[in-house]
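Q: Could you walk me through reading helix packing and ligand contacts?
A: Gladly; let's look together.

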Amino acid sequence: MKKTARAHTNIALIKYWGKADAQLRLPLMSSLSMTLDAFYSETSISASEENEFFLNDEKQTDQSAQRVFSYLQYLQDRFGVSGKLKVESTNHVPTAAGLASSSSAFAALATAFCAFYDLDVNRRELSRLARIGSGSASRSIFGGFAIWQKGTDDESSFAYPLDETPSLDLSLLAVELNQNQKKLPSTKGMKDAQASPFFEPWIKRNDLELNEMIAAIKSNDFTKIGSLAELNANEMHAINLTAQPGFTYFEPDTIRAIKLIEELRSKGIECYYTIDAGPNLKILTQQKNIKEVKKIFLSEFNNVNIVKATFGPGVTVLD
Ligand SMILES: Nc1ncnc2c1ncn2[C@@H]1O[C@H](COP(=O)(O)OP(=O)(O)OP(=O)(O)O)[C@@H](O)[C@H]1O
Ligand SMILES: C[C@@](O)(CCOP(=O)(O)OP(=O)(O)O)CC(=O)O
């Protein structure tokens, strides 16, 4: 018997970047995201002679396999089930390039696991389980806009939908400047960032920014959504730069792309950016400006891949 689940990635507009508990992946802040239709992972689980993990048809034996196996062990212990498992996953998103592959990966893995063992879990519990695999995965259980409330323990830290089928005119252009796997995984990056003198203010502003974002979404205020998402992303990257020692996920092309967005805005083409733990940008824009923004980026950058996305669905079991 084989069970397969599909989960879409999500992009945080209010970001998770800092943990209160590394094992349980309890965050120090609540976050809010948009699930994306264009990017997803499909993961199957079946019984096997030994634990195996295939990613995009290639057997994995490195740290990424260890992460999957220890997560499966955790889930088996938690539910009192056993057996060796074969995990086969396909990413329809570049892996570990700051395009949130771990969000779709662990949402799909948690869901396939529950389907395989026929476990009766609701979506809130599924979100808690996905969170243990990768924090951002807690939000990929849901479509549209999701909020991950930080909570104080395993029970209370889960995501829930804010609006699963938004009618908002909001599109995202993923500007893939560099699809290579990053050297500094998110888990380590967010740990190192806690040494920044601006880490405390970053945590303190979370409530305010989250509430402002919820209000902006509810009132269909694209300008507020875009500018606040950009501010929040820049705060996250500012604490990276000011950590001791400082670091950045930005590359020269990331800065060039930021400058280009500023230029487009000054010409009246409204667009904003958000950036995760990688050099690639996600541009937030509206239907009427997509063509123009895409055209200008393609003419300014060689070898850039631009993928358009809008709201995607929550996790599903495929068979
Ligand atoms: N389909 C998958 N199944 C299991 N593990 C995966 C899968 N895709 C990616 N991963 C693992 O997720 C980890 C990458 O996560 P990481 O959070 O560092 O990068 P990312 O998800 O691309 O970027 P972001 O910081 O935006 O979330 C790696 O350990 C990678 O092997
Ligand atoms: C920048 C981010 O994308 C960080 C995501 O971090 P992960 O969820 O990948 O981290 P772990 O919980 O350690 O697996 C912001 C976000 O998605 O909220």
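Q: How are H1 and H2 oriented to each other?
A: First, the ground rules. This is a predicted model, where local features need pLDDT of at least 70, side-chain atom pairs count only at pLDDT 80 or more, and totals for chains, interfaces and linings use all residues. Residues are numbered from 1 along each chain as its sequence is written, chains are lettered from A and ligands numbered from 1 in written order, and side-chain values use heavy atoms, leaving out hydrogens and water. Angles under 35 degrees count as roughly parallel, over 145 as roughly antiparallel, 65 to 115 as roughly perpendicular and the rest as oblique. Helix H1 (residues 63-79) and helix H2 (residues 101-116) pack at about 40°, with axes 11 Å apart, so H1 and H2 are oblique to each other.

Q: Which residues of H1 and H2 meet?
A: Contact means heavy atoms within 4.5 Å. Arg67, Val68, Tyr71, Leu72, Leu75, Gln76 and Phe79 in H1 meet Phe106, Leu109, Ala110 and Phe113 in H2.

Q: At what angle do the axes of H2 and helix H3 cross?
A: The axes of H2 and H3 (residues 123-133) cross at roughly 125° and come within 8 Å. On the H2 side, the contact is made by Phe106, Ala107, Ala110, Thr111 and Cys114, and on the H3 side by Leu126, Leu129, Ala130 and Gly133.

Q: How far is an oxygen atom of ligand 2 from an N or O atom in the side chain of Ser136?
A: A polar contact is a pair of N or O atoms within 3.5 Å. For the Ser136 side chain, the distance to a ligand 2 oxygen is 2.7 Å; for Arg25, it is 2.9 Å.

Methods
Axes are lines fitted to C-alpha atoms, for helices over the stretch in contact, and angles run from 0 to 180 degrees between N-to-C directions. Helices (H or I, at least four residues) and strands (E, at least two) are DSSP runs, numbered from the N terminus. A polar contact is a pair of N or O atoms within 3.5 Å; within protein, one must be able to donate a hydrogen and the other to accept it, and residues adjacent in sequence count only if both atoms are side-chain atoms.
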